[in-house]
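This report walks through one protein model, moving from a strand pairing to the sheet around it and then to the helices and the core. Please keep the sequence and the structure at hand while reading.

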Amino acid sequence: MSLVAIVGRPNVGKSTLFNRLVGMRQAIVDETAGVTRDRHYGKCEWCGKEFSVVDTGGYTSNADDIFEDEIRKQVEIAVEEADLVLFMVEAETGITDYDDEIAGMLRRSGKPVVVAVNKVDTGKDLPDIYQFYSLGLGEIWPIAAATGSGTGDLMDDIISKLPEDTTADDQHEGLPRITIVGRPNVGKSSLTNALLGTDRNIVTPIAGTTRDSIESYYNKFGHEFILIDTAGMRRKNRVKEDLEFYSVMRAIRAVEHSDVCILMIDAQFGVESQDMNIFNLILRNKKACIVVVNKWDLIEKDSNTMKIYTEGIKARLAPFTDVPILFTSVTNKQRIFNILDEIEKVYGNYSRKIPTSKLNEAMLPEIENYPPPSWKGKYLKIKYVTQLPTPCPSFAFFCNLPQYIKDPYKRFLENKLREKFDFTGCPIQIFIRQK
């Protein structure tokens, strides 16, 4: 699939146009300059032709901000990856030094370039656009990204310049979606970069560097999935700015659309209340979970430290303790590839379908040995069990009087299912239905 990179200086409307092209509010938009910090991918379809779009941070140079140098690198990588570059400028401001610098970089890249002059909201703004021909990048298109004015002609020009696509329509459809979640600054972006083997996401010591949920395609060492890095989630009363609120909402949405969540915990702090909130969010959405304890190299250890730490985590996560717990140091690349094996195993458990005959063969003798307690003299009998066609492992037990089966017995049934079949890392839903 062809790739179009949207580049430009800060605050010219790149993310607004990106959201319009992909048809959803995927990238954060705010009046503050420099909101977008990472490359952000989405899909766009126009006149039957589908292509990927990447939104980049605003390109600047010689700035003091720790992020600016990293953002510039991200833009340069996006331009290298792209089949076509959509260069955005702003009509009212005119050509700035930054615009000249970006235009020079694009001319040297040799990539096809389409110039979009944004914020041309009315006809009286049209005379402002002609100065941009002096950039030497060919045809220019006046648009208003906020309202969509002029974007149709822009899209026609883009698809006319894109190379013919020789790949399948959606090669990544159906792949497992693995989302990395956790509090700010626990190493989520560092883990993503370490697994991918590239500096895909910006990493700084400042908490809250990642603001969007960033998707990456992973295909190495026999593993293939979509890896999603999310913004760190703080408690509501700690969220001071609107941007961070949107970042947390985006991270929550990433959890909702994932198959397996990797909950990262800082070994120095252990499982804090916000880690529990995130863990409960994963459980409420019925997603598989792996707990990764990062920064393990900073802990003083003896032969029992890992065992004691594991028991402490399980005590906090109870009653759902059937969760893999891995100890890593991302900066030292210690045990990070164990995570890949665990992802494959847990996703296999999450998507496992057990034949009804096998289920009944395993579960009915256990139910017969420990039948549900009678209720007011009424004898309760479970006749058979079947797995429901849901993404998360869900089982229906058919009973003569389902209203009298209480939660303790449901937990017994869940524990027996875990004992007979491997559902490590996966929440299980138990439904009692009328026979």
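Which residue of β10 does I178 stand opposite? In this predicted model, the residue of β10 that stands opposite I178 is V260. The two strands concerned, β7 and β10, are paired in the parallel sense over 5 bridges.

The pairing of β7 with β10 belongs to an open sheet of 6 strands, whose order is β8-β9-β7-β10-β11-β12 and whose pairing is mixed. At the edges stand β8 (214-220) and β12 (325-327), each of which has a single partner strand, so one side of each is left without a neighbour in the sheet. On average, and with direction ignored, neighbouring strands of this sheet are turned by 25° against each other.

**Two helices on the sheet**

Helix α5 packs on this sheet by touching β7, β8, β9 and β10, and its direction makes about 30° with that of β8. Helix α9 also packs on the sheet, where it touches β7, β8, β9, β10, β11 and β12, and its direction makes about 165° with that of β11. The angles that involve these helices are collected below.

| Pair | Angle between directions |
|---|---|
| α5 and β8 | about 30° |
| α9 and β11 | about 165° |
| α5 and α9 | roughly 85° |

The axes of α5 (residues 188-196) and α9 (residues 336-350) come within 10 Å and cross at roughly 85°; the two helices are therefore roughly perpendicular to each other. At their contact, L191, A194 and L195 in α5 meet I336, F337, I339 and L340 in α9. By class, this contact has 7 nonpolar residues, with no polar and no charged ones.

Helix α5 is largely enclosed by the rest of the structure, because 8 of its 9 residues are buried. The buried residues are K188, S189, L191, T192, N193, A194, L195 and L196, and they pack against β7, β8, β9, β10 and α9. The helix is followed by G197, whose phi is positive, near 80°.

**The nonpolar cores**

The largest nonpolar core has 26 residues, of which L191, I262 and M264 touch the most other members. At least two residues of this core are supplied by each of β7 (177-182), α5, β9 (223-229), β10 (260-266), β11 (288-294) and α9, and the largest share, 6 residues, comes from α9. When residues up to four places away in sequence are not counted, L191 touches I180, M264, V330, I336 and I339. Another core, of 25 residues, lies apart from the largest one and has I265, L281, W296 and I325 among its members.

**Elsewhere in the chain**

Strand β3 (residues 49-55) is mostly covered, since 6 of its 7 residues are buried. It is joined by 4 bridges to strand β1 (residues 3-7), and the two run parallel; I6 stands opposite D55 in β3.

For the protein chain as a whole, the secondary structure comes to 11 helices and 15 strands. Of its 435 residues, 52% are buried. Among contacts between residues at least 6 apart in sequence, 70% join residues at least 24 apart.

Terms used: Residues are numbered from 1 along each chain as its sequence is written. This is a predicted model: local features need pLDDT of at least 70, side-chain atom pairs count only at pLDDT 80 or more; totals for chains, interfaces and linings use all residues. Side-chain values use heavy atoms; hydrogens and water are left out. Axes are lines fitted to C-alpha atoms, for helices over the stretch in contact, and angles run from 0 to 180 degrees between N-to-C directions. Angles under 35 degrees count as roughly parallel, over 145 as roughly antiparallel, 65 to 115 as roughly perpendicular and the rest as oblique. Contact means heavy atoms within 4.5 Å. Ala, Val, Leu, Ile, Met, Phe, Trp, Tyr, Cys and Pro count as nonpolar, Asp, Glu, Lys and Arg as charged, and the others, Gly among them, as polar. A nonpolar core is a set of buried Ala, Val, Leu, Ile, Met, Phe, Trp, Tyr and Cys residues joined through side-chain atoms within 4.5 Å. Buried means under 20% relative accessible area, exposed over 50%, partly exposed in between (1.4 Å probe, protein chains only). Two strands pair if DSSP finds at least two bridges between them.
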